[in-house]
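Here are my notes for a first look at this structure. Please read them with the model open beside you.

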Amino acid sequence: MHSNSVGRDSFARYQLAASAGILVLALSLIGAQSSPQSTAPQGQTQSQVPAAAPQSGQPSPASQTAQVAPPVATPPKLLIMIDPAHGGTESGAVLNPTILEKDITLALARRLRLDLGTRGFIAELVRDSDVNLSTDDRAAKANAAHPVLYVCLHATSESGGTGIYTAMLAENGETNGPFIDWNTAQFSFLPASRTAQHEISEAMQKSGMPARSLSAPLRPLANVTSPALAIELAPTKADVSLLSASDFQQNVSTALANGIAQFLSASGAPR
Amino acid sequence: MIPRQFLITVIILFALAIAMSVYVWQLRRREIRSPQLTEKNEHVAPPASGAMERVTVYVAYDSGGELRAQSISIPLAAGRQQRAEGLLRGLMSLYTAKDSTHPLTAGAEIRQVFLVDPGIAVVDVNSAFVEGQVSGVLPEELTIASLVQTLATNMPELARVKILVDGKEQETLAGHADLTGFYDVQQIAEVAKQLSAQ
């Protein structure tokens, strides 16, 4: 008799624990479903990137249910991903026997990171040292960070002004639910990329530097799921050593930062 | 006394050994000759043949980063494939000339052009073509736009162009322009327009 009552009590406790577990699970599921990032297709979420970038510091609705304190209302910092092209054994163009493209792009990328930082943005480099990275790795790193803009830096010895490039894409690839075609991942972001191209081109020309806007068959632009540009630094006259000059690099960096700030401001992105 | 049957067997085996030696020696000689034949095949540009024709080619100008349409007279054969090869070889003769506006090394060649229906051209260039290419987004784009736009202007049925290097797919032309996919002729026409409008 006594053992029967103990058995019933423990059965009741198990039932209670199971019910509580199911309730917690149900609440978590409801919370997860109400999260816009989990339900919206990737393309839609990404297309809103300049206006509302993914906020790493903001708690998810699921965790909000567990928290007592209200969420901290800090404005999100916008992330710009800067990719100094080439690196490691892949030196890029040999601009002259002592100047390699990989070194120029890294130096300019570091300057641009500083200039964007002073304007209230967060800028990260895809590589911050002399390392080999494939174009797929670069795109994967940029896509994982969900930047509001991806800027790939190049340099050439051919004079004729700075080139500002968007991806050359003829048509959109196959999209299957949240999965998009790697080779045409940039397609839905092309209009935003062209707006950024226009703003940066204007900023360069305002600074007295000739700039050309073109599209180019250049990886990894086509694989990036955010507005994406490639910027090819070129000497304004047939003097390649100008590319490594501190003043020249600083002028380019300032103009680029102004153009990027203008693009993000036009997109309504907060700082 | 050696048995007769044993003697016959030894003679037959000896004859077989000599025959095998001769056969192996001939195989060796053939193997030595074959690399020389391959080397000869590398000179793929045949002497120009066919009637002289006036055609439009798109020439890259490095100085201003431009692409300009230019009319030249070259001998062109009647066959579609030979015609495509003739067009690009005519263009290459401008780029390998001494006063070229978009210099490529002297050994740069178009090995072959394959036309695949519907509307695909596969252009096979040699490694000297790639080695002589100036590295950079714009210089490489100029080369590709020049090749594709020249072909497309003279062969209106063309829709896509693929570029191979020594018969194999290469990742980029000289570190920048992507060679892993097909070039859409309409897109290159847009780029050519942008490059001509500078």
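1. Start with one helix pair in chain B. H2(B) and H4(B) make a right-handed crossing. This is a predicted model, so read every value below as computed from it. Helix H2 covers residues 80-95 of chain B, and its axis lies 10 Å from that of H4(B), at an angle of about 135°. H2(B) is therefore oblique to H4(B).

2. Look at the residues in that contact. H2(B) brings Ala84(B), Leu87(B), Leu88(B) and Leu91(B). From H4(B) come Ser146(B), Leu147(B), Thr150(B), Leu151(B) and Asn154(B). Six of the residues are nonpolar and three are polar, with no charged residues.

3. Next, the core. Which residues have the most contacts inside the largest nonpolar core? They are Ile80(A), Ile260(A), Ala145(B) and Val148(B), in a core of 103 residues. Helix H4 of chain B, residues 137-154, gives the largest share of this core, with nine residues.

4. Follow Ile260(A) from there. Leaving aside residues up to four places away in sequence, Ile260(A) touches Ile80(A), Leu116(A), Leu149(A) and Ile200(A).

5. Take H5(A) with H8(A). Helix H5 spans residues 101-118 of chain A, and helix H8 spans residues 246-266. Their axes are 9 Å apart, at an angle of about 50°. The two helices are therefore oblique to each other. H5(A) passes H8(A) in a right-handed crossing.

6. Now H7(A) with H8(A). Helix H7 is made of residues 190-206 of chain A, and its axis comes within 8 Å of the axis of H8(A). The axes cross at roughly 140°. H7(A) and H8(A) are therefore oblique to each other. Their crossing is right-handed.

7. Step back to chain A as a whole. Chain A has eight helices and eight strands. Of its 271 residues, 41% count as buried. Among contacts in chain A with a separation of 6 or more, 81% join residues 24 or more positions apart.

8. Turn to where the chains meet. Chain A gives 21 residues to the contact and chain B gives 21 residues. On the side of chain A, strands E6 (162-167), E7 (211-216) and E8 (228-233) each supply two or more residues. The largest share of that side, four residues, comes from E7(A). Nine residues of the side are nonpolar, eight are polar and four are charged.

9. Is Val59(B) buried or exposed? Val59(B) counts as buried because 20 C-beta neighbours lie inside 10 Å. Val59(B) sits in strand E1 of chain B, residues 51-61. Val59(B) touches Arg68(B), Gln70(B), Leu94(B), Thr101(B) and Ser146(B), not counting residues up to four places away in sequence. Thr143(B) is 84 residues from Val59(B) in sequence, yet their C-alpha atoms are 8.6 Å apart.

10. Check the backbone too. Most peptide bonds are trans, and most residues other than glycine have a negative phi. The bond from Arg219(A) to Pro220(A) is cis, with omega near 10°. Pro220(A) lies in the loop between E7 and E8 of chain A. The bond from Asp117(B) to Pro118(B) is also cis, with omega near 0°. Pro118(B) lies in the loop between strands E3 (110-116) and E4 (120-125) of chain B.

11. Finish with positive phi. His86(A), not a glycine, has a phi of about 65°. His86(A) is in the loop between strands E1 (79-84) and E2 (94-96) of chain A. With 27 other C-beta atoms within 10 Å, His86(A) is buried. Asp166(B) has a phi near 50°. Asp166(B) is in the loop between strands E5 (160-165) and E6 (183-184) of chain B. Asp166(B) has 14 C-beta neighbours inside 10 Å, so Asp166(B) counts as partly exposed.

How values were computed:
Residues are numbered from 1 along each chain as its sequence is written. Chains are lettered from A and ligands numbered from 1 in the order in which they are written. This is a predicted model: local features need pLDDT of at least 70, side-chain atom pairs count only at pLDDT 80 or more; totals for chains, interfaces and linings use all residues. A nonpolar core is a set of buried Ala, Val, Leu, Ile, Met, Phe, Trp, Tyr and Cys residues joined through C-beta atoms within 7 Å. A residue is buried if 20 or more other C-beta atoms lie within 10 Å of its own, exposed if 12 or fewer, and partly exposed in between; C-beta atoms are placed from the backbone. Two residues are in contact if their C-beta atoms, placed from the backbone, lie within 7 Å. Ala, Val, Leu, Ile, Met, Phe, Trp, Tyr, Cys and Pro count as nonpolar, Asp, Glu, Lys and Arg as charged, and the others, Gly among them, as polar. Axes are lines fitted to C-alpha atoms, for helices over the stretch in contact, and angles run from 0 to 180 degrees between N-to-C directions. Angles under 35 degrees count as roughly parallel, over 145 as roughly antiparallel, 65 to 115 as roughly perpendicular and the rest as oblique. A crossing is left-handed if the near helix is turned anticlockwise from the far one by less than a right angle, and right-handed if clockwise.
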